[in-house]
Amino acid sequence: MSASTTADPAYKEPVPLTGITLWLCGILLAMANFVAILDVSIANVSVPNIAGALGVSTSQGTWVITSYAVAEAIAVPLTGWLASRFGTVRVFSTALIGFGIASFLCGISPSLEVLVMARIMQGFCGGPLMPLSQTLLLTIFPKKMQPAAMGIWAITTLVAPVAGPMLGGTLCDNFGWGSIFLVNVPVAIGAGFLVWRVLFSQETRTTKARVDTIGLGLLVLWVGALQLMLDLGKENEWFSSPFIITLAVIAALGFVSFLIWELTDSNPIVDLRVFRHRGFSIGMVCMALMIGSFFAINVIGPLWLQNNLGWTASWAGNATGMIGILAIFAAPIAAQLAVRVDPRRLIFLGVGWLAIITFIRGLSTMDMSFGQIAFLIFLTGVGMPFFFMPLLQITMGAVKPEETANAAGLQNFIRTMSGAIATSFVTTIWENNATSNRSQIVSGLDGAQSIRLLTQHGVPENAATGLLDQMVNGQALMLSTNEVFMGAAVLFAACALIVWTVPRPKGPVDMSNVH
């Protein structure tokens with residue numbers, strides 16, 4: 001973000017940290033990053049429990065995921081301005097403590113409305129944590145120790161998505177859904193106070209920079225209206241509802257106004273001019289489709305395991321968490337290869353692998369065992385680092401060095417919004433397809449004959465009708481789940497081909513601003 005700024009004349013360069021204090025700060029920053037990323041995935045396997053406890057539908061339960069993601073996406077463009085205006089340490093500590101308070105409010109929420117509001121607050125506070133934790137690590141560690149510090153940060157980044165579903169499922173089953181949020185409270189608030197206490201002497205230089213309030217307002221307007229339309233569309237019968245039509249018009253007009261303002265303002269909150277680079281633009285299309293598809297299968301997967309197969313949140317979480325195990329081992333290899341070989345080749349292989357495994361998962365049946373399902377999810381993890389890291393390399397390589405920070409913020413925004421939109425979109429598709437599939441199954445079913453067969457196999461006559469209805473619903477949902485996975489596989493395959501239209505980076509890319 002570019003701004004006309006006035007530097008603080010009273011600023012003094014901080015004295016470098018050393019010894020145990022330095023490493024304590026490094027661990028605290030890494031833990032803050034871990035908590036922020038953990039909360040993106042910890043609620044995925046708990047949606048059925050949350051929906052049941054609060055008396056709402058499963059699709060309404062997914063608002064817990066989308067509200068956090070949208071708030072986080074809106075907070076991302078503000079992070080740079082907040083850090084330069086108030087200081088990185090001050091903003092980071094405040095955000096971390098606020099994250100802990102919001103987590104407490106989430107954990108004690110008596111209704112979905114209160115929970116969504118608390119998740120929005122949590123997302124706003126969580127948005128700055130990941131980029132600022134990396135910024136502070138690079139600030140307090142000397143250059144020769146930065147690789148080790150970033151190694152700790154990278155481990156938390158990779159382990160959190162694995163721990164999220166596993167921890168979420170275990171906590172939810174044993175202590176109730178509120179515990180998945182309450183577990184953050186002591187870590188976030190404690191770490192926030194410790195970071196402020198230890199790092200207040202390392203505060204970064206502040207400047208009096210102007211913030212693009214109109215651009216920010218338009219961003220909140222169109223993103224909020226779009227997400228509300230997607231979340232509320234199904235229960236309001238979509239465009240037969242004046243309310244949904246109004247939201248759609250607000251989102252469309254807000255988006256157009258946002259584009260015009262940001263492209264003409266001298267100090268935009270999001271510098272959209274970076275999209276003039278073909279490599280960045282195509283790369284962001286690929287990222288949106290890939291992240292959207294990835295979120296789709298990772299939201300629908302746990303819902304299917306619990307609603308269709310009757311698994312507990314713990315079992316669903318243990319299976320879902322398998323996706324990160326191979327990813328942890330593959331990430332260093334992908335990072336090394338991304339600077340040695342054509343990144344497009346790595347992306348093609350990684351996304352192609354995801355397409356193949358997702359296609360196989362689209363052939364699932366209701367009699368699959370835990371081992372069979374978990375093994376496919378386990379194999380999926382290999383492809384993740386081979387599309388994400390090289391794609392960052394290739395998109396950042398397409399922009400000018402002075403545009404890297406802004407491009408990184410944009411890719412973070414698109415990544416987060418893609419996941420939120422995909423979550424809302426895919427749950428609607430999943431439920432609609434299940435209803436359609438049920439109608440087709442019923443139309444071709446001889447009910448009387450089926451009930452007679454059930455009674456012949458020992459099912460009491462008064463229970464046969466209910467059992468038949470349960471079997472039909474199960475098959476309809478199974479078919480709908482497979483259709484979602486097949487659709488995601490097609491999008492993965494399309495991205496594997498589209499990526500070849502992205503120009504290859506001409507040389508090494510400075511990734512220090514990529515969060």
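Visitor: Where does alanine 69 lie?

Guide: Alanine 69 is part of helix H4. Keep in mind that this is a predicted model.

Visitor: What makes alanine 69 count as buried?

Guide: Its relative accessible area is 9%. Buried means under 20%, so alanine 69 qualifies as buried.

Visitor: Which residues does alanine 69 touch, leaving out those up to four places away in sequence?

Guide: With that exclusion, alanine 69 touches Thr416 and Ala420. Contact here means heavy atoms within 4.5 Å. Also, alanine 69 and phenylalanine 124 are 55 residues apart in sequence, with 9.1 Å from C-alpha to C-alpha.

Visitor: Why are H4 and H6 called roughly parallel?

Guide: Helix H4 (residues 63-86) and helix H6 (residues 112-126) pack at an angle of about 30°, their axes being 7 Å apart. Angles under 35 degrees count as roughly parallel, and therefore H4 and H6 are roughly parallel to each other. Their crossing is right-handed.

Visitor: Which residues make the contact of H4 with H6?

Guide: H4 brings Trp63, Val64, Ile65, Ser67, Tyr68, Ala71, Glu72, Ile74 and Ala75. From H6 come Leu112, Leu115, Val116, Arg119, Ile120, Gln122, Gly123, Phe124 and Gly126. By class, the residues of this contact of H4 with H6 are twelve nonpolar, four polar and two charged.

Visitor: How do you know that H13 and H18 are roughly antiparallel?

Guide: Helix H13 (residues 278-307) and helix H18 (residues 383-396) have axes that cross at roughly 155° and come within 9 Å. Angles over 145 degrees count as roughly antiparallel, so that is the name for H13 and H18. The crossing of H13 and H18 is left-handed.

Visitor: Which residues of H13 and H18 make the contact?

Guide: On H13 they are Gly279, Phe280, Gly283, Met284, Met287, Met290, Ile291 and Phe294. On H18 they are Met384, Phe387, Phe388, Leu391, Leu392, Thr395 and Met396. The contact of H13 with H18 has twelve nonpolar residues, three polar ones and no charged ones.

Visitor: Why is phenylalanine 92 called buried?

Guide: Phenylalanine 92, in helix H5 (residues 88-107), has a relative accessible area of 0%. The cut-off is under 20%, so phenylalanine 92 is buried. Not counting residues up to four places away in sequence, phenylalanine 92 touches Leu29, Ala32, Leu129, Leu132, Ser133, Leu136 and Val195. The C-alpha atoms of phenylalanine 92 and tryptophan 196 are separated by 8.5 Å, while the two residues are 104 apart along the chain.

Visitor: What makes serine 314 buried?

Guide: Serine 314 sits in helix H14 (residues 313-321) and has a relative accessible area of 13%. Setting aside residues up to four places away in sequence, serine 314 touches Gly169, Thr170 and Asp173.

Visitor: How many helices and strands does the chain have?

Guide: The chain has 21 helices and zero strands. Of its 515 residues, 54% are buried.

Visitor: What share of the contacts in the chain with a separation of 6 or more comes from residues 24 or more positions apart?

Guide: Such residues account for 85% of those contacts. As for the surface, the chain exposes about 21,900 Å², and carbon and sulfur atoms supply 69% of that area.

Technical notes:
Residues are numbered from 1 along each chain as its sequence is written. This is a predicted model: local features need pLDDT of at least 70, side-chain atom pairs count only at pLDDT 80 or more; totals for chains, interfaces and linings use all residues. Side-chain values use heavy atoms; hydrogens and water are left out. Axes are lines fitted to C-alpha atoms, for helices over the stretch in contact, and angles run from 0 to 180 degrees between N-to-C directions. Helices (H or I, at least four residues) and strands (E, at least two) are DSSP runs, numbered from the N terminus. Angles under 35 degrees count as roughly parallel, over 145 as roughly antiparallel, 65 to 115 as roughly perpendicular and the rest as oblique. A crossing is left-handed if the near helix is turned anticlockwise from the far one by less than a right angle, and right-handed if clockwise. Ala, Val, Leu, Ile, Met, Phe, Trp, Tyr, Cys and Pro count as nonpolar, Asp, Glu, Lys and Arg as charged, and the others, Gly among them, as polar. Buried means under 20% relative accessible area, exposed over 50%, partly exposed in between (1.4 Å probe, protein chains only). Accessible areas come from the Shrake-Rupley method with a 1.4 Å probe; for residues, only the protein chains shown count as cover.
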